[in-house]
Amino acid sequence: MTVSGGREVDRGRASVLRALPLALGGRLRGAKRGLRSPHPYLMVLGIVAAVLAYWLATEVLRLPRFAKIPGPVRVVTEWLNPDPVFGVSVYSAEYYQHILYSVERVGLSFGLATALGVPLGLMTGWSQKVRDYAFPIIELLRPIPILAWVPLAVIMFSGRETPVIFLAFLASFFVTVLNTHLGVKSIDEAYFRAAACLGSSPAQIFRHVVVPGALPYIFTGLQISMGVNWFSLVAAEMVSGNFGLGYLILNSYVSMTYVTIIIGMATLGIVGALSSGLIRWLGNRLMQWRLRSIGMGGAR
Amino acid sequence: MRAFAEPRDAPDALRRGALAIRRVSKVYDPNGGRIVAVDDCSLDIAPGEISMIVGPSGCGKTTLLNAVAGFHSISAGEIRLDGELLCGPGKLKAASGADRVVVFQNGALFPWKTLIENVAYGPVVQRRMRRQEALDKARHLMERAGLGLVVDKYPGEVSSGMARRAEIVRALINEPRLLLLDEPYRAMDALTKSVMHEALLKLYDETRVTIFFITHDLEEAIFLGSRIYVMTTRPCRVKKIVDVALPRPRDYRALSSESFRALLAETKQAVQEEAQKAFEVGERELA
Amino acid sequence: MRAFATAAEMFPRRSGTGGAVRRIVAASTEIRVRRGVAALSLFLLFWYVAVSLKGWLGIDVPWVGRLPSPGSVFAAWLGLIGDPGYWQSAYLSFMRVMIGFLAAMLVGIPVGLAAAINRYFYDVFYPSFEILRPIPPLAWVPLSLIFWPTQEMSIASVTFLGAFYTIVINVISGARSIDVRLIRAAQSMGATRWHLFWKVVLPATLPSIVTGAAVGMGITWEVVVAAEMISTGGHAGGGGLGFFIWNSYVGGSLQQIVVGMISIGIAGYLSSAFLRKLGELITPWLRQR
């Protein structure tokens with residue numbers, strides 16, 4: 001069973017990301033609980049130290065390697081500048097245009113990958129037959145890095161948008177299928193047996209056992225899929241796009257407006273984190289029983 | 001206190017669940033190594049009784065249960081329920097159905113459904129009742145079983161004792177011919193266990209359902225059972241059959257009675273011998 | 001007694017009581033291989049037909065129809081096997097992957113272990129780590145091109161980043177999920193902190209390290225190919241399979257593109273498989289009966 005892109009367990013991230021808004025808002029009591037750490041002050045200190053080091057290296061000490069890299073003060077000034085020097089700031093329409101393009105592409109490719117990948121993964125997990133037919137082709141195509149598809153995608157699809165969306169779709173698709181498949185496989189045999197001896201038909205077992213049982217893995221997979229989607233999208237935008245955050249970053253490099261690079265990267269980080277958080281929130285809504293369990297154990 | 005006669009004297013209407021296991025063998029072949037789990041085992045369960053299957057861990061008792069429930073095939077022999085063939089030559093695997101419902105060792109309540117949805121699952125899925133009807137019946141049964149306060153909770157939110165009780169109600173709501181219990185109280189502490197025993201006996205006294213109960217706990221076997229089948233270590237065969245003549249309904253006072261002690265002595269040696277053999281072999285349980 | 005062979009356990013028809021059972025897994029390996037071969041053959045056939053339809057019937061199959069035919073790809077591949085340039089590209093990419101990956105392992109494992117063991121280190125390190133994580137590794141390319149003196153080092157640093165994150169996450173989660181009873185058992189037998197680390201924590205974390213490595217390896221390949229393609233623009237001396245593919249595209253040789261893609265796929269798969277095999281060797285206790 002191959003694992004690439006699959007089994008990342010991701011608990012620490014949940015606690016920090018949940019706490020970040022609280023910490024930034026200054027409500028340390030909430031942050032303490034959310035961060036599950038006896039000393040959130042150390043965490044804040046860590047972040048402050050990192051930013052400080054960054055600032056010192058670039059703007060104060062002007063260390064040799066860091067000479068051309070814009071420092072945090074410059075970045076933040078430009079980012080919040082009502083009349084940005086290079087045209088990109090919270091006040092400029094162009095900024096939001098780039099964000100929108102990227103978000104739209106992610107939404108489309110992710111949505112498509114989920115709509116196709118989850119059912120396929122459920123089927124391959126559920127039926128040995130489907131797995132035997134589908135997996136060889138999937139395993140053949142999956143090891144090919146997404147960017148290696150760029151020339152082929154450009155040849156296959158006309159226009160400039162479709163290849164980009166295709167690449168992001170491909171990356172998400174493989175991850176989604178694999179994780180959904182693992183999700184079905186992870187369901188304790190006892191549940192299938194219980195459903196069978198209570199008189200369920202195969203269709204009912206699929207609906208009442210397979211789908212809910214695989215849901216936790218599916219959502220973990222969707223979070224990874226979202227991450228991979230951004231990864232591929234940025235790469236694809238850099239290579240063959242127009243507009244979008246990836247394009248913005250590369251373009252800023254090419255036209256030597258380095259401040260915008262950092263702005264672009266930071267924006268990417270924020271939007272990426274938000275989208276993953278959205279998935280996690282959705283997962284929690286759909287899986288009430290996990291939240292309410294005493295220590296999310298197995299069958300009880 | 002009324003003493004029930006053992007159902008061997010009961011009217012025919014209650015005679016459902018006569019299980020006949022005839023010369024059944026089961027050979028596993030995982031990765032080329034032949035494991036004989038059950039060899040030429042024959043067993044008769046009388047309807048309306050609680051039949052306790054006792055033996056050391058991993059001796060193959062669960063394999064028998066799985067064969068009866070239709071989770072595994074058998075390699076030879078036949079199994080009949082009330083005269084009808086479940087599995088045998090030509091049909092090595094029984095079909096699973098709601099006439100033989102299983103309660104699992106580690107519990108198999110669907111974690112994503114509330115307790116009441118779990119209990120109502122069987123009738124709804126078999127299309128015997130509409131959803132609301134099934135929920136009403138489930139609520140009624142759960143209240144009678146003392147689960148009235150937790151109907152809308154998820155299995156992960158309640159204690160294992162309540163969860164196990166709910167699982168038994170989930171089985172009984174289908175009025176099965178045979179209730180199969182696979183060491184259901186194994187993971188519980190002694191105090192919870194004794195509460196569970198009394199709860200099970202109460203349900204049994206009301207329904208007189210035929211019970212096939214696997215355990216390694218001899219006292220549990222004598223306290224609950226109408227008849228005890230002591231099994232040998234792998235490959236599984238019947239070593240000794242003991243009739244438990246304690247009157248019903250039983251309560252904890254039966255545990256300190258003379259007859260209980262006598263039964264314990266009678267059965268202990270047989271069980272101990274098999275346990276010793278199993279220990280010496282030291283193989284990992286088949287689970 | 002009929003032997004219980006490896007024949008498929010057939011799915012019985014619904015009984016009179018309305019019961020039915022889940023499809024059981026045990027189809028024979030022979031049947032499974034046959035299905036796989038059938039699927040792949042169909043795939044190749046579909047590809048061939050889709051490409052050839054233009055020539056046969058004048059039908060332009062959208063998307064797939066524009067691909068080079070399987071035959072021409074195979075021919076190109078045979079041709080490239082003799083071409084030293086091809087192998088040089090493969091070697092170059094492979095070296096980059098190895099360097100980035102090994103660096104990520106050498107730094108990532110200790111960092112991950114330190115973060116899992118030491119509360120203070122975790123608190124100071126993890127937030128910054130987490131904040132920067134959503135930024136895709138490739139977004140770092142321009143910055144690294146500015147920062148590092150040579151292109152090689154930029155690619156190496158970005159490659160490092162990609163695998164580093166995965167490895168650290170897996171190590172931390174692995175170390176944190178060690179059953180605390182193992183640690184207590186060791187302590188009650190008089191283990192020193194040194195012992196505890198080397199004899200309990202490290203072996204218990206090994207499976208997660210292996211997982212992190214395998215996943216990280218996949219990511220490394222992705223990043224290397226991407227970085228090679230991106231930083232190619234203009235520079236002639238890029239080299240590597242990513243560059244090879246891009247070059248083939250620019251030069252109009254479609255077959256070579258596909259050959260390049262498949263080559264990377266094979267290389268990536270082999271490296272991950274090798275890692276997993278290695279992982280199995282160093283964790284013999286995980287072998288199931």
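Me: In a salt bridge, a side-chain nitrogen of Lys or Arg lies within 4 Å of a carboxyl oxygen of Asp or Glu. Which residues of chain B are linked in a network of such bridges?

Reply: This is a predicted model. In it, salt bridges link Asp82(B), Glu84(B), Asp99(B), Arg100(B) and Arg177(B) into a network. Over all chains, a search of the whole structure finds 36 salt bridges.

Me: What makes Asp44(B) and Arg22(B) a salt bridge?

Reply: Their N to O distance is 3.2 Å. The cut-off is 4 Å, so the pair qualifies. Asp44(B) lies in strand β2 and Arg22(B) in strand β1 of chain B, so the pair ties together parts 22 residues apart in sequence.

Me: Why is Asp44(B) called neither buried nor exposed?

Reply: Its relative accessibility is 38%. Buried needs under 20% and exposed over 50%, so a value in between is called partly exposed. Arg22(B), at 35%, is also partly exposed.

Me: How do you know whether Lys193(B) is buried or exposed?

Reply: Lys193(B) has 14% relative accessibility. The limit for buried is under 20%, so the residue counts as buried. The side chain of Lys193(B) meets that of Asp217(B) in a salt bridge, 3.2 Å from N to O. Lys193(B) belongs to helix α5 and Asp217(B) to the loop between β8 and α6 of chain B, so this pair ties together parts 24 residues apart in sequence. Asp217(B) is partly exposed at 21%.

Me: How do Asp251(B) and Arg253(B) meet the salt-bridge limit?

Reply: Their closest N and O atoms are 2.8 Å apart. That is within 4 Å, so the pair counts. Asp251(B) is buried at 19%, while Arg253(B) is exposed at 53%.

Me: What makes β6 and β10 of chain B edge strands?

Reply: The open sheet has six strands, in the order β6-β7-β8-β3-β9-β10 of chain B, with mixed pairing. β6 and β10 each have a single partner strand, so one side of each is left without a neighbour in the sheet.

Me: How do you know that β3 and β8 of chain B pair?

Reply: Five bridges join these strands, which run parallel. Pairing needs at least two bridges, so they pass. Met52(B) stands opposite Phe213(B) in β8(B).

Definitions and conventions. Residues are numbered from 1 along each chain as its sequence is written. Chains are lettered from A and ligands numbered from 1 in the order in which they are written. This is a predicted model: local features need pLDDT of at least 70, side-chain atom pairs count only at pLDDT 80 or more; totals for chains, interfaces and linings use all residues. Side-chain values use heavy atoms; hydrogens and water are left out. Helices (H or I, at least four residues) and strands (E, at least two) are DSSP runs, numbered from the N terminus. Buried means under 20% relative accessible area, exposed over 50%, partly exposed in between (1.4 Å probe, protein chains only).
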